Amino acid sequence: MLDFLSGLQRTVMCGELRAENDGQEAVLMGWVNRRRDHGNLIFLDVRDRSGITQVVFDKEVSAEAHAKAEAARSEYVVAVKGKVRLRGAGLENPNMDTGAIEVVAHELLLLNDAKTPPFSPAEDAISNEEVRLKYRYLDLRRTEMQRNFALRSKVAMAIRNYLVEHGFLEIETPFMTRSTPEGARDYLVPSRVHTGSFYALPQSPQIFKQILMISGFDKYFQIARCFRDEDLRADRQPEFTQIDLEMSFPTQELVFRVVEGFLTAAFKAAGIALTTPFIQMTYDDAIKSYGIDKPDMRLPAMISLSDELTPALRESLKIESALPVLGFIIPSVGELSGTARKSLMSEIRTTFGDCGLDALDVPRLKTNTTFAPLAEAIEKKLAAGADDLVVVITPKLGTPAKWNHDPQWIYKRVGALRLQLAQKFADKHGRFNKTGTEADFKFLWVTDFPMYEWNEETKTWDAAHHPFTSPHEDDIKSGRLVNDKGAVRALAYDIVLNGTELGSGSIRIHRQDVQQEIFRSLGMSDAEARERFGFFLDALEYGTPPHGGIALGLDRIVMILAGATSLREVIAFPKTAKAIDLMVDAPTPVSEQQMRELHLKIAARS
């Protein structure tokens, strides 16, 4: 028979008791994590979010409590009254924070029973993720998950406190707004009152936070929920949380200092000290050195070896003379056998397929008297150690004719290979290991992104970021907005950590004439711009200050700090890769009456 609390109050959390509590009375409440029956002695490990305490039920101390303990099973909800005592020499459990003590119970209340769960929250790892998500309330009882969300709470509070202390106001923006697609699809909400009209859930608070600057609030922030109806990956969810901020009269450097400040506070909350300022690198330099606009700074950069390959050597090796030769190292891979090296070379060539690139086998070059000096020069230029893997990628003859539309293609292709090989040899050199020290976190600001990107399908220039990003002043004055869109730089910046983009921001357009010119450059007529953004264009006419800001993914930050590999480990109730909530079974059809009220019908697909 189950018990009621009857006014009993908890005096201590399960993870708080220590040796200094010896002899004290304690009231614990929580779940039975494990049960061990030794006849006259029954042990229950009682768990709450703070940790676990071992409770001893001795038949000689309390026969009634012992009898109730016989009925208890895993995940029963219990309350325990008893006395704390030291376990004694040799009986401590060094793997538990409370391992030096135990509670000798003289009263047990069985507050609720539990069905046999599909998995035990006491397990360290559960391989079937769909089962975990379906029974998320059980999964969230696991120690690892409770630790992740305690961390998330501390990180969010540290960020909030820092921004408030530095003069930012926390202001909420609407969840229901108008649809203004920013590259991903909106989630639409039909209006029952306004037949045929829809609200949209915000992809970001972008326009509203700019309007707050027009409204004179000067410094805004919000830990904001955002929604995007797009394909999912391990680092994407249809609803997510971002740290959103905006400032009036900022320089780019001022935005950087604010972000570095709250990230330092956030990482300190996780026990990690950061050093600021972070490194800065232009987009062009990032592409040329790493082949990607979110480089992982824990790996050495790519280095041009064009000077080492003279025209004569290029001709001998059948290497195109008009394109760069790039090399890089993967540290601490160790010596590869001839068979392993041959297999790797084949794998690299397969990766590049018909892209017009090839790989130089540097160890084999060293055995050829003609090319041995070249191999030595390459290893010296790359500062390669004895255990490092040296990779050199060369363009084949005739390649430029195929690729002359994108001068950065070779950097991007080689950069992708660099990351692929880093992943392949991760277990050997620790590329993806996290030990939680400052050296494990390499931050980078990437600046001066292209303002536009060419859309090959539509043969038009699209905004590389959102259309409210300001171009560089020099590019406005020079006329490049009209005459040379591919050369226009945006006052846009990303904050990157270990190859993961944490957030993007920019200095915004604060003049209506410039904003209209940007809309026109994107092929948007004045009428279309007025239809989509008329309220914002109107607001720009009423004394808009220069302003700028950024948004960082809180989920991603916590994922990295927790050492997790998926956002689903740090979002309490996430969706699957198919955007399904398995626990509540959503999305789901609605009743015919609801559809009629919304004046909606489901049309058959053609």
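This is a predicted model: local features need pLDDT of at least 70, side-chain atom pairs count only at pLDDT 80 or more; totals for chains, interfaces and linings use all residues.
## Overall build

Along its principal axes, the C-alpha trace of the protein chain spans about 90 × 75 × 55 Å.

Of the 606 residues in the protein chain, 46% are buried, and the chain exposes about 30,600 Å², of which carbon and sulfur atoms supply 51%.

## Helix α11 and its buried face

Helix α11 covers residues 372-381, and within this helix Ala372, Leu374, Ala375 and Ile378 are buried. Seen down the axis of α11, these buried residues fall within an arc of 160°, and therefore they line one face of the helix. The face turned away from this buried side carries the exposed residues Glu376 and Lys380.

What do the buried residues of α11 pack against? Their partners are α8 (311-317), α10 (362-365) and β15 (389-395). After α11 comes Ala383, a residue whose phi is positive, near 55°.

## Helix α19, largely enclosed

In helix α19 (residues 554-562), eight of the nine residues are buried, so this helix is largely enclosed by the rest of the structure. The buried residues of α19 are Leu554, Asp555, Arg556, Ile557, Val558, Met559, Ile560 and Leu561. Just after α19, Gly563 takes a positive phi of about 70°.

Ser248 has its place in strand β10, which runs over residues 239-248. Is Ser248 buried or exposed? Its relative accessibility is 8%, and because buried means under 20%, Ser248 counts as buried. If its neighbours within four places in sequence are left aside, Ser248 is in contact with Met213, Asp218, Pro545, Pro546 and His547.

## A nonpolar patch on the surface

On the surface, Phe175, Met176 and Tyr199 form a nonpolar patch, and together these residues have about 290 Å² of accessible area. Met176, one of the members of this patch, lies in the loop between β6 (169-170) and β7 (187-190). With a relative accessibility of 44%, Met176 counts as partly exposed, because that class lies between the limits of under 20% for buried and over 50% for exposed.

## Salt bridges

A search of the whole structure finds 37 salt bridges, and a few of them are described here. In one of these, the side chains of Lys81 and Glu107 meet at 3.9 Å, taken from N to O. Lys81 lies in strand β4 (residues 77-86) and Glu107 in strand β5 (residues 101-112), so this pair ties together parts that are 26 residues apart in sequence. Both partners count as partly exposed, Lys81 at 27% relative accessibility and Glu107 at 31%.

Another salt bridge joins the side chains of Lys424 and Glu347, at 3.3 Å from N to O. This pair links distant parts of the chain, since Lys424 is in helix α13 (residues 409-424) and Glu347 is in helix α9 (residues 338-352), 77 residues apart. Lys424 has a relative accessibility of 42% and counts as partly exposed, and Glu347, at 28%, also counts as partly exposed.

The side chains of Asp37 and Arg35 likewise meet in a salt bridge, at 3.2 Å from N to O. Asp37 counts as partly exposed at 40% relative accessibility, and Arg35 counts as partly exposed at 25%. Which residues are linked in a network of salt bridges? Such a network links Arg132, Arg136, Asp139, Arg142, Glu144 and Glu569.

Key:
Residues are numbered from 1 along each chain as its sequence is written. Side-chain values use heavy atoms; hydrogens and water are left out. Buried means under 20% relative accessible area, exposed over 50%, partly exposed in between (1.4 Å probe, protein chains only). Helices (H or I, at least four residues) and strands (E, at least two) are DSSP runs, numbered from the N terminus. The arc is that of the directions from the helix axis to the C-beta atoms. Contact means heavy atoms within 4.5 Å. Patches are made of residues with over 30% relative accessible area and no salt bridge: like charges are joined within 9 Å, nonpolar side chains (Val, Leu, Ile, Met, Phe, Trp, Tyr) within 5 Å. Accessible areas come from the Shrake-Rupley method with a 1.4 Å probe; for residues, only the protein chains shown count as cover. A salt bridge is a side-chain nitrogen of Lys or Arg within 4 Å of a carboxyl oxygen of Asp or Glu.
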